[in-house]
Structure formats: structure tokens, C-alpha cells
Amino acid sequence: MASLVGSRVERKEDKRFLTGKGRYTSDINLANQTYAIFVRSPHARAQIKKLDISKAQKSSGVVSILTGSEIAEDKIGGLIAGWAIRSEDGTEMKCPANPPLAKDIVNFVGDPVAVVIAESLEEAKVAAEKVSVDYKVLKAVTSTADAMNGDTIHEGIDKNLCFDWLLGDRQKVKEAFEKADKVISIDIINNRLIPNAMEPRACLADYNSASEEITLYTTSQNPHLSRLIMSAFGNVSPEHKLRVVAPDVGGGFGSKINVYNEDIVCSWAAKKINRAIKWVAERSESFLTDIHGRDHVTHAELAVTNDGKFLGFKNETIANLGAYARVFGTVTPTYLFGPCATGVYEIPAAYSNVKAVFTNTAPVDAYRGAGRPEATYTIERLVEKASMELGIDKTELRMKNFPTAFPFKQTLVHTVDSGDYVAGMEKAKQMADYNGYEARRKESESKGKLRGIGVSSYFEACGIAPSAAVMSLGCGVGLWESAEVRFNPTGQVTVYTGSHSHGQSHQTTFAQIAADELGVPIENIDIVHGDTDKGTFGMGTYGSRSLTVGGIAIVNACKKIVEKGKRVTAKMLESSPDDVEFKDGEFIVAKSNKKKTIGEIAFACYLPGVRDEMKSPLPEGEEPGLKETAFFDPSNFSFPAGTHIAEVEIDPETGEVKLEKYTACDDFGRIINPMIVEGQVHGGLAQGIGQALYENAEYDETGQLMTGSYMDYTMPRADNFPEFNIGYTCTHATTNPLGVKGCGEAGAIAAPPTVMNAVIDALGGQEITMPATAEKVWKACKNLKKPNSKAA
Amino acid sequence: MKNFNYHSAKDIKEASKLSSSNSAFLAGGMTTIPSMKLGLASYKDLIDIKNIKKLSGIKVSSKSVTIGATTKHVEVANSKELKKTIPSLASLAEGIGDPQVRNRGTIGGSIANNDPSADYPSACIALNATIHTNDRKIEASKFFKGMFETALKKGELIEAIEFQIPEKSSYQKHPNPASRYAIVGVYVAKHKKDINVAVTGAKPCVYNDKDLSKALSNNFSTSAIQNMELDSSDMNSDIHASAEYRASLVVTQAKKAVDAC
């Protein structure tokens with residue numbers, strides 16, 4: 001039987017999605033359901049002086065109006081940070097309470113203060129307009145850089161500082177810098193982004209008064225984790241009386257990891273009114289209240305020798321958490337950021353210092369790449385600048401500082417198990433025709449255009465993560481994953497996974513793996529996910545962990561099935577389990593022609609007997625049935641890496657940047673389905689290039705979101721991109737049996753510095769901030785024209 | 001969106017009769033409907049004029065092209081007659097919004113709305129258009145009054161727009177990367193007697209740039225406007241483009257238009 005792993009198996013989910021048979025949260029309707037509209041703060045920071053619902057309550061069709069007072073009375077818990085970070089001085093981080101409905105104070109535009117539940121959506125909207133809130137508006141803090149100098153937003157949190165964290169050794173860095181021939185320094189901003197999943201958030205909460213069970217349908221990347229948080233911290237319901245279902249989910253990119261206010265409020269309120277409640281976000285609510293991403297202000301320095309060896313690195317960053325610290329809010333700018341700050345290089349001394357601040361803006365949390373794009377942007381911009389200042393070719397300088405031996409123990413945290421960074425660079429250069437660049441530059445010049453080339457090499461730590469390691473660093477949960485593999489008596493297989501697919505194609509990739517492990521045709525394998533009532537617990541999908549953690553749990557459960565199959569075969573064929581081999585779906589007794597198919601074994605396990613004979617095919621003490629569960633806790637992160645190369649052409653008259661060529665050469669270890677991986681790379685690149693050239697979430701000084709719709713927030717479109725030139729090198733991961741590494745976030749990590757390095761190259765080294773909009777580039781082009789202008 | 005009464009008028013007379021101080025005419029609905037959905041506008045009555053046959057269609061004479069008010073962008077973009085007579089107008093229509101918008105949006109709706117970044121108003125100015133309403137004929141230069149403001153009176157309905165056929169013309173726009181509306185759009189038209197350089201997006205209302213038209217009247221080539229610097233003091237400034245940048249874009253787009261003429 002040919003192996004399916006490695007082949008371009010067509011997606012099992014396509015027929016459903018392309019023919020409109022997907023089932024998303026808002027497609028689900030329950031009898032007698034009501035509709036919720038949230039009343040939200042129009043101010044970034046204000047005290048609630050008075051909240052009057054009397055008029056609204058009389059509005060037609062209103063079932064109930066609930067406010068922060070009721071939710072506080074019922075002791076419903078708030079939203080939480082999932083990771084406790086300790087400051088350099090040893091003190092614990094300081095986080096404010098984040099009630100699901102604000103009672104006394106609101107902290108960002110969109111913070112909900114009340115929910116109006118009515119018989120119809122329209123009646124809920126009309127009534128919501130009649131809720132009158134008397135606010136005392138306070139001065140908002142919105143700037144990341146100045147947040148520590150602003151008014152105190154949350155009582156008891158001085159300087160709006162959540163923590164002041166250090167990773168690394170300041171003294172060693174100081175010594176390294178003293179030995180340097182040159183110090184390259186850079187000040188950069190990692191712009192704030194809005195995730196913009198295609199499907200807006202939604203939830204539908206139902207309560208059964210007889211079983212006292214709440215069922216919550218919600219747009220989540222991790223239903224099991226949501227249930228745990230809502231039960232353990234939200235006090236919404238005991239865990240066994242709460243079922244969370246995340247059906248088809250249309251994109252997440254990290255924005256659907258969090259339990260949100262609406263999930264908690266609707267679940268709690270459904271029980272209160274004993275009716276189902278449906279809420280679907282409008283797009284403007286998504287812009288305002290989905291978590292945002294990035295938003296760092298960084299000063300970084302690299303100590304180098306004149307011949308281009310890196311000696312030391314330091315990074316001082318202010319990270320904006322927004323109004324509240326949410327699930328991955330505090331770990332994103334620390335343990336997902338700091339350990340990757342030195343990039344793919346051997347740098348003997350390094351530290352990262354991160355000050356995380358609160359502001360009156362939407363909460364900032366994990367967004368595709370989470371911490372690693374920010375880290376990679378910093379080091380790769382710095383290395384590119386070093387290449388300009390040292391006059392060493394950008395690819396040569398990088399290769400000079402690559403590690404040559406693996407495992408590679410980095411200065412800060414990680415031991416990278418496998419990789420070949422030089423091979424990746426060489427292949428990327430060849431794919432991009434790096435050596436032919438000068439001719440293309442001259443051609444652009446002859447048309448009056450400026451051309452630039454940019455390179456970045458990246459690695460990232462994903463496949464999160466070894467539980468003991470992350471819990472020692474403050475994580476509130478272990479980050480293992482589980483799987484259950486269940487045979488039917490007639491031989492088909494259902495695989496239950498704790499991972500969640502919201503675009504990642506688990507139905508196909510996981511089925512390919514199980515098909516190879518069990519020797520069962522792929523069409524006989526179903527993947528089930530997204531329902532806490534189905535299958536075992538799971539931590540969900542984020543941090544490129546589904547395959548490297550969830551996929552391995554499936555492999556291990558399959559291996560247990562095979563072990564049992566060997567025992568049963570041995571009994572049936574009067575042999576010893578040690579003499580039974582399993583290959584392509586058949587159990588074969590060594591040195592004989594005796595064999596059983598896995599289908600026969602499944603049948604025998606479920607129907608363990610024969611007529612007229614008092615005889616079982618199962619060994620003594622063996623349980624009937626064929627179903628196995630495995631929990632997998634990885635021994636290390638997974639470390640994909642690669643080199644990307646971009647070329648841009650700039651029209652100096654308008655400042656428009658055209659991305660002419662984009663080459664991505666990645667090492668994702670063994671690839672299960674190349675077609676699906678290409679899709680993941682394309683999506684990541686689109687978001688990474690979007691950050692570099694188009695996307696920007698902008699607040700004014702009063703905390704109003706200036707980019708709250710697609711009229712003002714530039715989502716990249718297909719015509720903004722060239723055809724992507726994608727290739728791979730492959731070194732197998734040594735820390736999991738499939739040899740796989742994560743691939744989902746790579747594009748979003750590598751693309752921003754690659755594109756910006758190209759833009760800045762075209763501008764003669766002039767720094768500009770992301771996104772490189774036409775106007776910023778136009779201004780920089782004007783500087784170029786001035787005589788005696790020097791690259792700033 | 002608040003509830004409203006929907007009327008489908010069978011002729012102009014009925015549409016006019018149904019109109020009140022709390023009504024709006026509905027053609028493609030590309031601005032009216034989103035505004036109502038967002039709660040920025042609400043009407044008691046919407047009077048649909050799409051089914052009034054007389055309001056749709058393209059007629060070409062020797063000197064002018066007359067386009068009915070409810071003619072869709074896609075029809076203007078694909079019109080063979082127009083591609084022969086005023087190709088720049090067909091290509092302007094082809095660059096509005098996206099296919100969905102072009103399949104519903106209408107020329108009359110765009111002009112009546114007078115969005116400061118809309119494309120069509122610049123065509124009206126550049127092509128010395130006459131706006132035919134159910135009451136009178138209005139010259140384009142007197143029609144566009146200010147941001148979202150026109151010479152139309154309450155209940156007055158645009159029937160058609162008559163464009164003068166130029167010797168040569170071109171429309172060039174620098175789109176807003178988010179909305180793809182014009183940050184600046186410049187419509188250059190060379191007529192027998194005059195040259196118009198109509199600019200949209202740069203100021204609160206479309207206008208004819210006298211400095212550029214004058215320079216081009218003396219010498220219709222890019223070199224005539226190569227180093228011109230426009231006064232940006234009354235130009236729009238927002239998160240997408242400063243006034244200074246817009247002023248520069250007007251000259252750049254004008255040069256591109258002259259090149260393309």
C-alpha cells in the first residue's frame with residue numbers, strides 16, 4: 001500500500017465548504033431562542049455614573065436586560081491571563097480584574113456594560129439603543145511608548161506596568177559590547193494588527209433545566225480549554241454540566257483562543273432566563289473587541305566585530321497589552337518572544353527586557369506567530385542594518401553567524417534539535433536568482449523606479465509545548481494533547497482529537513497519518529473534533545501545535561491499537577505477539593503465511609466468540625472492543641526555519657511599493673500534505689506582507705479606533721501579491737516520531753522583515769515604520785532626491 | 001437597520017409623487033443601504049426607481065453621450081459605443097468598487113450622493129456634463145456644491161447625464177489601499193475650446209483645477225506641469241494621506257492622464 005504521508009491528498013473538507021454544507025455557529029438555531037445585543041462603551045476610559053435600563057425594559061420584545069451588577073452578584077468570574085509572569089525584581093505581574101460586563105469603569109471602546117436579550121434581533125437592537133448610561137469620561141492612555149507616563153488606568157497598577165521582565169544576562173552582554181568593534185542599533189515599532197477572521201465571533205448558549213446542563217456553541221479554537229476556563233475561573237457551571245461545541249470555525253489566527261465576555265455572559269444568562277440565547281458579532285464589533293496583535297516599541301542593539309561576527313545582543317521592548325491581560329496576553333511578549341530574539345544566530349551574550357503596559361485599547365493577545373514575528377522582525381532588521389554598515393553581503397553575514405552543528409544550544413533558552421540553515425540560505429538564493437539581482441535593479445532604474453532586495457532568515461519555536469517546561473515558567477495548564485482512535489466492528493475508524501481545525505485541514509492531514517499507521521483506506525477514517533462531549537480532553541489549536549503535538553497523540557493511539565491487534569492475532573493464529581508483524585493493514589505471523597487483516601481483528605474484538613464453540617479470539621484478560629487513547633506531551637518545541645527573499649519596486653513619484661518577487665524556502669521537517677502546507681505558507685505570507693505594507697490598527701489620542709472598518713483598515717487582497725515562489729529543505733525533527741515541524745505561522749513570522757528589508761534597501765537604508773504605506777515611502781523618496789542626503 | 005416602507009415606482013411621475021421629506025430614492029443602494037445598516041441614515045420610505053425603464057441606457061449623438069441615471073457601472077464599462085466615443089469614461093466605470101458594486105451601483109446614484117472620493121463627479125466636470133432632472137437641466141460646474149451636497153432639491157430626480165465628447169481624455173486614480181476609493185483621481189479632458197482637469201478625492205468636493213488646466217492649455221504635455229506645486233492648504237488630510245501628499249498626487253495623476261491621452 002502506498003504511503004499517504006507526503007502526498008497531495010485532496011482535502012476531505014472541500015466538498016462541504018465549497019458546496020455550502022459547512023455548519024458554523026451562526027448556522028445553528030434552536031427552538032425558542034432569544035437574541036442578544038451588547039451595549040458597549042463608546043469611551044476608551046470612563047466611570048459609569050449611572051446605568052438606566054427602565055426605558056429599554058419597556059421596549060417591545062425584551063426578555064431580559066442584565067448588567068455588571070447582576071453578574072457581580074452571581075459571582076461570575078472574569079476573563080483571565082493564562083500565564084503568570086514574574087518581573088526581573090522577582091515580583092509577580094499585576095493584572096486588573098476583567099469582569100464580563102463592566103460595572104464601575106470601562107477601559108476601552110467596545111467594553112461591554114450590559115446585554116439586552118429579546119425575542120428578535122431587531123427588538124434587541126432597538127431596546128439596546130434605549131439603555132442609558134451616564135459616563136464620566138476620563139483621560140485615556142493610548143500610546144504604547146508613553147503608557148508608563150500616563151494616568152493610572154487600573155487602581156494599584158503603578159505606571160500601568162503589568163511586569164518588567166528579563167530573559168538573559170545583562171552583565172555578560174555588557175562585557176560583550178565592550179569588546180565590540182561596532183554597535184548597530186535600531187528603534188522599531190511592531191505595528192498593531194487586527195486579526196480579521198472571515199467568520200466573525202458568535203455564540204449560542206442553551207440551558208436544559210432538567211439536566212441542569214449548559215451547551216455553548218461558540219467560535220473557538222479550543223473548546224475544551226474554554227470549558228475549563230469558564231468552569232474553573234468563570235464559575236459559570238461545573239465542568240460536567242457545561243458542554244462546549246466549536247463547530248466549523250471560519251478562521252482564528254489566535255483571535256479565537258480566548259474565552260470572551262459574550263461566551264460567559266450568554267452561558268450565564270441562558271441559565272438565568274431558561275432560554276437559548278444567540279449572539280453574532282457585527283464586523284465593527286470584531287474590529288473593536290476581538291483581540292489585537294503585536295504592538296511593540298523596541299530599541300535593540302547588536303555588538304559586532306569588523307569582520308561580521310556577532311558578539312552580543314540586547315533588546316528593550318515595551319509591549320502593549322491593551323486594557324486587560326487575556327489568556328496568551330502575557331506570554332506572547334515574554335516566553336514566545338524573548339527566547340527567539342537572537343534568531344538563527346550564534347550570539348554568545350544576549351538579553352531581552354520587556355515592559356508590558358496597559359492602555360485603553362482592545363486587549364492584545366496571540367495573533368499568528370505570537371511573539372515570534374516581533375522577535376524575528378527585530379533581529380532581522382538589525383542584521384540587515386549591520387550588513388549595510390559593515391559592507392558585508394547580507395547573505396554572507398547571516399551565514400557567517402549561523403550555527404553549523406545540531407542540536408544547537410541557543411544562548412537564551414532553546415536547544416534546537418535539527419536544521420540546516422546554510423542549505424536553506426543557498427537554496428533560497430538559487431530560487432530567487434539572488435545573483436541576478438543587479439540586472440533587475442538596473443532595469444527598474446531605467447524605468448525611473450527604485451528596486452530593493454531584502455532577506456531574512458528565521459527560526460521559530462512552536463508546537464507548544466512540554467508541560468513541565470511551560471508550567472515552570474508560569475503557564476496555568478499543561479500543553480499536551482490527546483487522541484482517541486476508535487474502530488467500528490465493521491472496520492471503519494473514528495479519530496477523536498483535542499486539536500481544532502478552523503482552516504488547518506485536520507480532517508485530511510490527520511486522516512493521512514491514521515491511514516498510514518493503521519493501513520486503513522483514508523475514506524474509512526473520520527476525524528472528529530470540536531465538541532467537549534466527543535472524545536477526550538485537548539488543549540486546542542494554536543502555536544503550530546496541532547500536528548506536532550495532536551498528530552503525535554494520534555500516532556501513539558494508533559500504535560496502541562496495533563499492539564493490541566498483535567496480541568489478538570497471536571491468540572487467533574496460535575503464535576506469540578512478538579512474532580507478529582504489522583504492515584499495510586495486515587498482521588502477519590513471522591516465517592509463515594498466516595495473517596489477519598486489521599478489519600478482521602476489529603471484528604473479532606467486538607464479536608469475540610463463534611457459534612457452537614465456547615471459544616474467544618481474545619487472549620485471557622484482554623478487554624473486548626478496539627479503542628485506544630493516548631495523551632502526548634512533547635519533549636521539546638518544534639523549530640521550523642528558513643530563509644525568505646523579497647524584491648520590491650518603488651515608484652518614487654507616488655511612493656507606491658510593488659512586491660515584485662517573493663521567495664520562501666522553509667524547513668518544516670517531514671511534510672504530510674504538500675498542498676495543504678502550501679496553503680498554510682500562502683496564508684501566512686499574506687498576513688506577514690499585510691503587516692509590512694498595508695495593515696495597521698490606529699487609535700486616536702482619545703482611544704477611538706480610527707481603522708474600525710474595511711474602509712480604513714487595509715486588508716491585503718490577491719492583487720497585492722506576486723506569485724509566491726515556494727520551496728523547502730527538509731531536516732526531520734528528532735523529537736517526534738513523524739519528524740514533523742510546525743508550518744502555520746512561518747509566513748507571518750518571516751515576511752515582515754523580508755519585505756521591509758527590501759523596501760529599506762530600495763530607499764538607500766532609510767528607516768521607515770510598518771506598514772510601508774505609499775505616503776511614508778514617498779516622503780523617504782523625496783529625501784533621496786536631495787543632494788548630499790545621507791541614509792538616516 | 002430600522003424598518004421602512006418599500007415602494008417600486010413604475011414611472012418618474014409616481015416616484016416624484018411618493019417622495020417626501022422622510023424618503024429617499026433607491027437605485028443601486030450601494031451607499032443608501034450600508035448607511036441605513038450602520039444607523040447613519042434612516043427613512044420612512046424608500047422609492048425604488050430601478051424599474052423605470054426610461055431611466056436606463058446609453059445614447060450616443062455626434063457631440064455627446066447621454067447615460068440614464070439608473071445605468072449600472074458594469075453597463076457603462078462594457079458599452080461598445082462608449083468605448084468608441086469616450087473610452088476614458090468606460091474605463092473609469094470599470095475601476096469603481098468591485099464586481100458586486102459594479103453590478104448594482106448606478107451612475108445617477110453616485111452623482112446624487114457626491115461622495116468626495118467618488119469617481120463619476122470628476123467625469124461630469126471634465127466632460128462638461130449636463131445633469132438632466134425631472135425638473136431642469138443643471139451644468140456640472142453648478143451641480144456639485146460641497147461634501148455630499150448637490151444642487152438637487154428635495155424630491156428632484158436625476159434622469160440622465162449628458163457628457164460632451166472630448167478630443168481626448170483620461171482618468172487616473174490613486175486608490176485608497178483599504179477602500180479602493182480615490183485618494184486622488186484626476187480626469188483630464190481636452191475639448192476643442194477648453195481643457196479640464198477635474199480632481200476628486202483631494203478636496204471636500206470635486207473641482208476643476210485651474211492652474212493645471214491653464215498650464216495644459218498652453219502646452220498639452222507632461223512637461224508643462226512637471227514641476228508644478230499645488231497649494232495644499234484646503235486639501236483633505238486624514239489617516240490615509242496628508243494634504244501635502246494629496247497635492248503631489250494630483251500633479252502625478254494629471255501627468256499620467258496626459259500621458260495616457
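View 1. In chain B, 60% of the contacts with a separation of 6 or more are between residues 24 or more positions apart, two residues being in contact if their C-beta atoms, placed from the backbone, lie within 7 Å. The structure is a predicted model, in which local features need pLDDT of at least 70, side-chain atom pairs count only at pLDDT 80 or more, and totals for chains, interfaces and linings use all residues. Residues are numbered from 1 along each chain as its sequence is written, and chains are lettered from A, and ligands numbered from 1, in the order in which they are written. Chain B contains 12 helices and 14 strands; helices (H or I, at least four residues) and strands (E, at least two) are DSSP runs, numbered from the N terminus. The radius of gyration of chain B, 18 Å, is close to the 18 Å given by the globule rule for 261 residues, so chain B is as compact as a globular protein of that length. The radius is taken over C-alpha atoms, and the rule is 2.2 Å times the number of residues to the power 0.38. Along the principal axes, the C-alpha atoms of chain B fill a box of roughly 55 × 45 × 30 Å.

**View 2. The two domains of chain B.** Domain 1 spans 5-164 and domain 2 spans 168-260 of chain B, with bounds from an automatic or database domain assignment. Their centres, taken over C-alpha atoms, are 23 Å apart. Between them, 20 residues of domain 1 of chain B contact 20 residues of domain 2 of chain B. On the domain 1 side, α5 (87-94), α8 (120-126) and β8 (144-146) of chain B each supply at least two residues, and α8(B) gives the largest share, 5 residues. This side has 11 nonpolar, 8 polar and 1 charged residues; Ala, Val, Leu, Ile, Met, Phe, Trp, Tyr, Cys and Pro count as nonpolar, Asp, Glu, Lys and Arg as charged, and the others, Gly among them, as polar.

**View 3. The contact between chains B and A.** Here 10 residues of chain B are in contact with 12 residues of chain A. Helix α12 (residues 243-260) of chain B provides the largest share of the chain B side, 3 residues. By class, that side has 6 nonpolar, 4 polar and no charged residues.

**View 4. An open sheet of chain A.** Four strands of chain A form this open, mixed sheet in the order β21-β20-β19-β25, where strands pair if DSSP finds at least two bridges between them. At the edges, β21 (525-528) and β25 (627-632) of chain A each have a single partner strand, so one side of each is left without a neighbour in the sheet. Strand β20 (residues 493-497) of chain A runs parallel to β21(A), joined by 4 bridges. T494(A) has D526(A) as its bridge partner in β21(A).
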